[in-house]
Amino acid sequence: MSSVSNNKIIKWVDDRLPIISMMQHSAVEYPTPKNLSYWWNFGSLAGLVLVIMILSGLFLAMNYAANTGLAFLSVERIMRDVNYGWLIRYIHANGASMFFIVVYLHIVRGFYYGSYKPPREILWWLGLIIMLVMMGTAFMGYVLPWGQMSFWGATVITNLFSAIPLVGEHIVTWLWGGFSVDNPTLNRFFALHFLLPFVLVGIVVLHVWALHTVKSNNPLGIDMKGPQDSLPFHPYYTVKDLFGVGVFMMFFMAFVFWAPNFLGHPDNYIPANPMVTPAHIVPEWYFLPFYAILRAVPDKLGGVLLMFGAIVILAAMPWLDTSKVRSCTFRPIYKWFVMLFIADCVLLGYIGGKPAEEPYILIGQFATAWYFIHLLIVTPLVGWLEKPRPLPESISAAVTKKEAV
Amino acid sequence: MRKFLIAAFAAVGFSAIASAPVMASGGTETLLEKQAWTWQGVFGHYDKPQLRRGLQVYREVCAACHSLNLVRYRNLMEIGLTEEEVKAYAAQFEYQDGFDDAGEPKIRPGLPADALKAPFPNEKAARAANGGALPPDLSLMAKARPNGPDYLYTLLTAYRDPPAGFHLMDGMSYNPAFPGNQIGMPQMIFDETVTYADGASNERHAISRDVVAFLNWAAEPELEARKSLGLKVMLFLAVFTALFYALKRQIWKRVEH
């Protein structure tokens, strides 16, 4: 904690609360593998979207009324009468989709390069918890405009808990605060939707703390062995992340300004009506793979268990994957299975958006089966049987060799 | 097998809700005729004279049954009505505004800040006047249906005689654009249904396009501001991104990679 600065005031503060030297240590000097690809941009982007969501959400909350008689109209008032209200709302609504796009790509990255393997297990778990909390937050946020999809989505998803034996019905009544989705439900969803993002911030701090303890993985999946393998985070990765922010913001803003309702559902511009059920109740796109798994099982409890199981099982990846090698770059067989698995998740997403009729039911069942076969059978088996390609000696050796070629 | 599957999905609750109407409506495809609209695309904008013609259609035809609750008279200045025209339009209608000193409802003429006057005081009255059917509010209709503007245009223009063997219920009209292909609203727009002061075509397809344009404005009054701000934001981001890309190349030159 010696001299972070020659400035006396900064030094005085830092001697008492070493916040400056902590930032210096973890955001400036932090040693980062020198070979990170653009796949490593999505973590910082996820952090950025979380900040954008909290800020835009705060201004929405100032104008929103969490009451079944007012909610829909208050959202339209934001759209029409609040200065730039349409911008704030479209940023927030599309921001939810952007959050999931970025986080799903972040997870795919970790999946392909084995970022869940020792010593990054807790880092991986914290990431999964972040995803679960995000899902809960997004679900409750979608209920708030109190359109048709809000109401019926809330009815359907909360009803899932009634599958729990014995206490299921009681739990659902308790969640609703009554005997159907109604004003008490909307009130508590609003309260929780405001709270959970700050819980997310807390878990993100833990996630980054764990990351800075075990350091970043990299496309080669081998550890940094010395200063020749790493670069200080600043300026190398700050500038690379900022370039990524620019590209991402153009993608994000293209939706906000030119296709703000493309990712939404038209039915949510119809005020909620408990007497009229929409022809198709479809969750937001980011839930569709899980929705497909839920519907693949011809039993309510089984479907619910399988759906939650699909996420929980990911926590066991550090042990399901028996290979000693982290990165798929050096795994000639498993590499293709990972790509097939990702394609399977995309297929599940497609099926989740289709009506429950043939051939979608059957395809959904096969895709669900493959999801679990891949994780429970293929992953351990390939790890044992596959002969990985030789790993490079070090990151710096691999980097300079590539340059020579 | 089919019965088993249906039962299975009934257990999952909403899947059953989602699937039943699909199966029931199997075979009634809906018609959709895509149109070119002025507000589409990155540089999209409204055609103000067209919006005013659409307002005229709404006032003379649609407003007999359909409300437009989210639009206020003052908003009509955005499509080129003068303040005097807006005031005169609002003043045609009576609004209840609180109570007088005797506790009687106080009635006053409409003001620019009021929402357009709804044709019926409540849902029951609307249903009673329309054979049990409820004419929906049109404020968000262009956003509340898939392919909103194209759907509305097709719906307004696709009325025809039902095909042989089609069972049309009492008081319903055949319309291939509507889910189920029969609709409570009779055909309302014909050639020369309205007469435009600006001499624009009042052929029924032209009238329909005008009123759809107006309804799209009612649903997305922010559209022009949104698209023009979008261009500026995008230009800024392009410069921002290019600068950081150049800076990134510059900084990474220092390392062998």
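This is a predicted model: local features need pLDDT of at least 70, side-chain atom pairs count only at pLDDT 80 or more; totals for chains, interfaces and linings use all residues.
User: What makes chain A agree with a compact globule?

Analyst: Its radius of gyration. A compact globule of 405 residues would have one near 22 Å, and chain A has 23 Å, so the two agree. The C-alpha trace of chain A spans about 70 × 60 × 45 Å along its principal axes. Of the 405 residues, 42% count as buried.

User: How many helices and strands does chain A have?

Analyst: Chain A has 16 helices and two strands. Take its contacts between residues at least 6 apart in sequence: 76% of them join residues at least 24 apart.

User: Why is Thr329(A) called partly exposed?

Analyst: Count the C-beta atoms. Thr329(A) has 19 others within 10 Å. Buried takes 20 or more, and exposed takes 12 or fewer. The count of 19 falls in between, so Thr329(A) is partly exposed.

User: Where is Thr329(A) found, and what does Thr329(A) touch?

Analyst: Thr329(A) sits in the loop between α13 (317-320) and α14 (334-352) of chain A. Leaving out residues up to four places away in sequence, Thr329(A) touches Pro219(A) and Leu220(A). Ala61(A) is 268 residues from Thr329(A) along the chain, and their C-alpha atoms are separated by 46 Å.

User: What makes Val378(A) count as partly exposed?

Analyst: Val378(A) has 19 C-beta neighbours inside 10 Å. The cut-off for buried is 20 or more, and for exposed 12 or fewer.

User: What makes up the largest nonpolar core?

Analyst: It has 87 residues. Ala46(A), Val49(A), Phe99(A), Val102(A), Ala292(A) and Ile293(A) touch the most other members. The largest share of this core, 15 residues, comes from α5(A). Domain 1 (37-281) and domain 2 (284-389) of chain A each supply at least three residues to it. Apart from this core lies another, of 41 residues, among them Ala144(B), Tyr151(B), Phe178(B) and Val212(B). In soluble globular proteins, nonpolar side chains tend to be buried together.

User: Which residues is Val49(A) in contact with?

Analyst: Setting aside its neighbours within four places in sequence, Val49(A) is in contact with Gly95(A), Met98(A), Phe99(A) and Val102(A).

User: Why is strand β2 of chain B said to lie largely in the open?

Analyst: β2(B) has five residues, 105-109, and the number buried is zero, so the strand lies largely in the open.

User: How do you know that β1(B) and β2(B) pair?

Analyst: Pairing takes at least two bridges. Four bridges join β1 (residues 94-99) of chain B to β2(B), so the two strands pair, and they run antiparallel. In one bridge, Tyr95(B) has Arg108(B) as its partner in β2(B). The two strands form a hairpin with five residues between them. In the turn, Gly103(B) has a positive phi of about 85°.

User: What does chain B bring to the contact with chain A?

Analyst: The contact takes 43 residues from chain B and 43 from chain A. On the side of chain B, α1 (2-11), α2 (14-24) and α8 (223-252) each give two or more residues. The largest share, 16 residues, comes from α8(B). By class, this side divides into 29 nonpolar, seven polar and seven charged residues.

Notes. Residues are numbered from 1 along each chain as its sequence is written. Chains are lettered from A and ligands numbered from 1 in the order in which they are written. Two residues are in contact if their C-beta atoms, placed from the backbone, lie within 7 Å. Ala, Val, Leu, Ile, Met, Phe, Trp, Tyr, Cys and Pro count as nonpolar, Asp, Glu, Lys and Arg as charged, and the others, Gly among them, as polar. The radius of gyration is taken over C-alpha atoms; the globule rule is 2.2 Å times the number of residues to the power 0.38. A nonpolar core is a set of buried Ala, Val, Leu, Ile, Met, Phe, Trp, Tyr and Cys residues joined through C-beta atoms within 7 Å. Domain bounds come from an automatic or database domain assignment.
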